[in-house]
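Hi,

Here is the structure I promised to send over.

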Amino acid sequence: MFHPSIDIRSARHDEKPQTVAAIVAAFITDPIARFAWPRPHDYLQAAPAATTEFAGGAFEHGTAYVSPDFRGAALWLPPDVHPNGEALEQIFRRTAPPARLDDLLMTFERMGESHPEEPHWYLPMIGVEPFAQAKGLGAALMRHAVARCEHEGILAYLESSNPRNISLYLRYGFEPTGEIQIGAAPLVTPMVRRPGRLR
């Protein structure tokens, strides 16, 4: 039987604003996010809608996981559920600096091409707001969903847009499958976790 991690739960649909806010706070220093929106005002204006289009499908499937106080969140998409790529592209076109747009769009296109062919869980976004980092919330969020992937015997996939997070993903059985580096955009590392790597 599947046993979720302690203190992590699925966000209700009416808790979407608090959950998205946690992700926006967590990603305020993320290299790709700030490449898209280098000015703080632009980031804070655009990031909530971008988060919703990139990972909002998690709310429809009960796979938006949160800590009890909404200081951390992980938005997982089940197999065959995908980001709203067209809507996300339109947000980028409206809000990102024109000089960075081509590199940004190509980075996200390559991210989409890097998914495994097999059915897999996809983690587009996981984060803990800065004031609550280094307290184990990220690990708890990761354990919760990895246990489900293990129970179901299904691959998990993510892209690390911040090199500082790779050690956490390695600890939970993810392995790099390559690198995405487009023009001036920051490095993104696709990673896959195969069943049987629960640690």
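Before the notes, one term: a pocket here is an open set of grid points where a 1.4 Å probe fits, with protein on both sides within 12 Å along at least five of seven lines. Keep in mind that this is a predicted model.

Let's start with the largest pocket, which has a volume of about 870 Å³. It is lined by 44 residues, and the closest to its centre are Phe-27, Ile-126, Gly-127, Asn-165 and Tyr-169. Sorted by class, the lining has 29 nonpolar, ten polar and five charged residues. Which strand gives the most to this lining? That would be strand E4, residues 120-128, with six residues.

Now for the second largest pocket, which holds about 360 Å³ of space. Its lining is made of 17 residues, and Pro-83, Gly-85, Phe-108, Glu-109 and Gly-112 lie nearest the centre. Eight of the lining residues are nonpolar, five are polar and four are charged. E4 turns up again here: E4, helix H5 (85-95) and helix H6 (98-113) each supply at least two residues of this lining.

One more thing to look at is helix H1, residues 16-26. Which of its residues are buried? They are Lys-16, Thr-19, Val-20, Ala-22, Ile-23, Val-24 and Ala-26.

Cheers

Note on methods
Residues are numbered from 1 along each chain as its sequence is written. This is a predicted model: local features need pLDDT of at least 70, side-chain atom pairs count only at pLDDT 80 or more; totals for chains, interfaces and linings use all residues. Side-chain values use heavy atoms; hydrogens and water are left out. On a 1 Å grid over the protein atoms alone, a cavity is a set of points where a 1.4 Å probe fits but cannot get out, and a pocket is an open set with protein on both sides within 12 Å along at least five of seven lines; lining residues have an atom within 4 Å of a point. Grid points are joined across faces, edges and corners, and a volume is the space filled by probe spheres set on the points. Helices (H or I, at least four residues) and strands (E, at least two) are DSSP runs, numbered from the N terminus. Ala, Val, Leu, Ile, Met, Phe, Trp, Tyr, Cys and Pro count as nonpolar, Asp, Glu, Lys and Arg as charged, and the others, Gly among them, as polar. Buried means under 20% relative accessible area, exposed over 50%, partly exposed in between (1.4 Å probe, protein chains only).
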